[in-house]
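I opened this model to go through a few local spots. My notes follow in the order of looking.

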Amino acid sequence: MRKMYLYKKMFVLGLSVTLVTGALTGCGKNSNNQTTNSTTAVEATETTETSDEANASESTYVKVQSVDGNTVTAIKGELTTSAGGGPGSSDGSGTPPEMPSSDGTSGNAPSGDAGTPPEMPSGDGTGNAPSGEMPSGGNFGGGSSFTEGTETITFTVTDSTAITVEFLQGSEEGTIDSITANSVLELTLDANNNATSIIVKNLQSGGGFGGSSTVTNGTAANTIDSDSTVANETYTSTGDDENALRVDGATVSLDGITIEKTAGDSSNTENGDFYGQNAGLLALNGATLTISNATVNTTAVNGNGVFSYGEGTTVNISDSTIRTTNNNSGGIQTTGGGTMNATNLDVQTEGNSAAAIRSDRGGGNVNVTGGSYVTNGTGSPAIYSTANIVVSDATLTANNSEAVVVEGKNSVTLTNCDLTGNMTSTYQDSEENIHCVMIYQSMSGDAAIGDATFTMSGGSLTSKVGDLFYVTNTNCDITLSDVALTLANDTLLTVAGNSSSRGWGTEGANGGSVNFTAESQTMTGNITCDSISTLNLTMKNATNFNGTINTTGAAGTVAVTIDADSTWTLTGDSYITSFDGDLSSVNTNGFHLYVNGEQVA
């Protein structure tokens, strides 16, 4: 989540470093064909170039020591990006496993023969990352870290300085307030030591991404490790890598408590994402924690509100309010096989990569009943699933992100929920798809390879921008039953490969394979299935579909099954590879249906 962004969780860390001698790019988690680059800082005061413009092309990496008005003092150093064996690779090459073609030749696109879907490599059957463990070496899938040097530098931020703040998914314009002690900066100066451009890197305190090879939970300001009942207590934290409250292996009831995680850097973002380091409240080591009427506030990076980590750990939380304001700070988070049961929560997150209902490596089981879950950051869906997540009677709103992301062999099941997504822009790749519900495999190691599941019954699904559903680089089952659908454009479903710029499989062999079942469902819009993808569409129990499939011509393998109680009204010519049903169920509406190139209606 890294997710995430992918989204994970659909997540990737892209570092683009411009040097006088050339351009070197190091990609973090989810990147394909990874390389290892170590960039030595350039002396800020060097004047070997013959013009200020030439000087402005040089970059240096620094860690901020202090900020006084618009004057910044920092220590120079090196930013290192390392490979560490690519996600899902078996040889440490950084190349993810490819989707086999229909002829069994790895790396080639499926032949498109009717009824032969592209196959994905099988996972381990757990529904989570194999063993829930990271490979040795610590920097799984690549990562970045800052190594301090010995020389300090003082520079000035002016009104014309271009400041950019990086996140796991995308970036945004920043201000002088975005630069704080321990920030790592990519810095360009003019001849007068005025900053012409500053990129605030997505690193904290010399740490970065990659995660430890062993479980790293950090420390805790307060720990409960014996069976207890507590009421109306306040737990605070301002320390680095520190929980405000940790419940360790005990059976504990908390009522009316307040959690305040108001400061403290995270030394490693993925340790926070995976293991609960720097979270507001962390339960682990088989704890059984019951929380009611709580208030949880966090403002730190990795300040996940309430975190359940590890098999045997169960958090039951009800009638509580959770607010998080920083990046990588979900509302409720579950990893490592933990369990989270949430009832009637009021959750709101502001940061990027901060899903309201969040999971990451190792997944677990999440059950949500009622409540409101709102996100306002980019790459922050209402739900990011590398787990089995079941939600009923809740309102789920993502104001600057897709509504739901399901990664790998995991699931989201919604009953009588109102779900809204508003993915306002792409995160890193300008050619990236815009969508409301995304189902994919990142190849990051956070989720096993296998069939994903999205099931929705009753309620509403609203897309404010982009396609309603997007599936890439995975197999999945989508089931809709009596859901009120609102489309932002004319696209109901896109099943397609991707450029693999973010490591999502190998271009040309990373399409999707979808079993889409509509029961008692009214739906409109266009469906596209590209040449390396497959779709099995089943309409039954009085389903009515007004729309097209591959209206521009034959492409992927598309099988349509329709029962006698359902209808398909064409809104344009449609091209499929097989049809099972009575053609009287198809209202051509002046258009034509083609099956394997032959006009049948």
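For polar contacts I took pairs of N or O atoms within 3.5 Å; within protein, one must be able to donate a hydrogen and the other to accept it, and residues adjacent in sequence count only if both atoms are side-chain atoms. The model is predicted, so to speak of a local feature I need pLDDT of at least 70, side-chain atom pairs count only at pLDDT 80 or more, and totals for chains, interfaces and linings use all residues. Residues are numbered from 1 along each chain as its sequence is written, and side-chain values use heavy atoms, with hydrogens and water left out.

**Entry: serine 320**

I looked up which backbone atoms the side chain meets. The side chain of serine 320 reaches the backbone oxygen of serine 318 at 2.8 Å. A polar atom of that side chain also lies 2.9 Å from the backbone nitrogen of alanine 294. Serine 320 sits in the loop between strand 22 (314-318) and strand 23 (321-324). Helices (H or I, at least four residues) and strands (E, at least two) are DSSP runs, numbered from the N terminus.

Is serine 320 buried or exposed? I found 2% relative accessibility, so serine 320 counts as buried. My cut-offs: buried is under 20% relative accessible area, exposed over 50%, partly exposed in between (1.4 Å probe, protein chains only). For contacts I took heavy atoms within 4.5 Å. Leaving out residues up to four places away in sequence, serine 320 touches Ile291, Ser292, Asn293, Ala294, Asn344, Leu345 and Asp346.

**Entry: threonine 236**

Threonine 236 belongs to strand 13 (residues 234-237). Its relative accessibility is 45%, so I list threonine 236 as partly exposed. Glutamate 260 is 24 residues away in sequence, yet the C-alpha to C-alpha distance is 4.7 Å. With residues up to four places away set aside, threonine 236 touches Ala221, Asn222, Ala244 and Glu260.

**Entry: strand 16**

I checked the two faces of strand 16 (residues 251-255). Val252 and Leu254 make up the covered face; Thr251, Ser253 and Asp255 make up the uncovered one. In a regular strand the side chains alternate between the two faces of the sheet. Two strands pair if DSSP finds at least two bridges between them. Strand 12 (residues 228-231) pairs with strand 16 in the parallel sense over four bridges; there, alanine 231 has aspartate 255 as its bridge partner. Strand 19 (residues 288-292) also runs parallel to strand 16, joined by five bridges. Serine 253 is bridged to threonine 290 in strand 19.

**Entry: aromatic pairs**

Rings of Phe, Tyr and Trp (its six-membered ring) pair if their centres lie within 6.5 Å; planes under 30 degrees apart are stacked, over 60 edge-to-face, the rest tilted. How many aromatic pairs does the structure hold? I counted seven. Tyrosine 275 and tyrosine 309 form an edge-to-face pair, 5.8 Å centre to centre with 90° between the planes. The pair links helix 2 (residues 269-275) to strand 21 (residues 306-309), its tyrosines being 34 residues apart. Both tyrosine 275 and tyrosine 309 are buried. The rings of phenylalanine 545 and tryptophan 568 have centres 5.9 Å apart and planes at 20°, so I noted this pair as stacked. Phenylalanine 545 is in strand 46 (residues 544-549) and tryptophan 568 in strand 48 (residues 567-570), so the pair ties together parts 23 residues apart in sequence. Phenylalanine 545 and tryptophan 568 are both buried.
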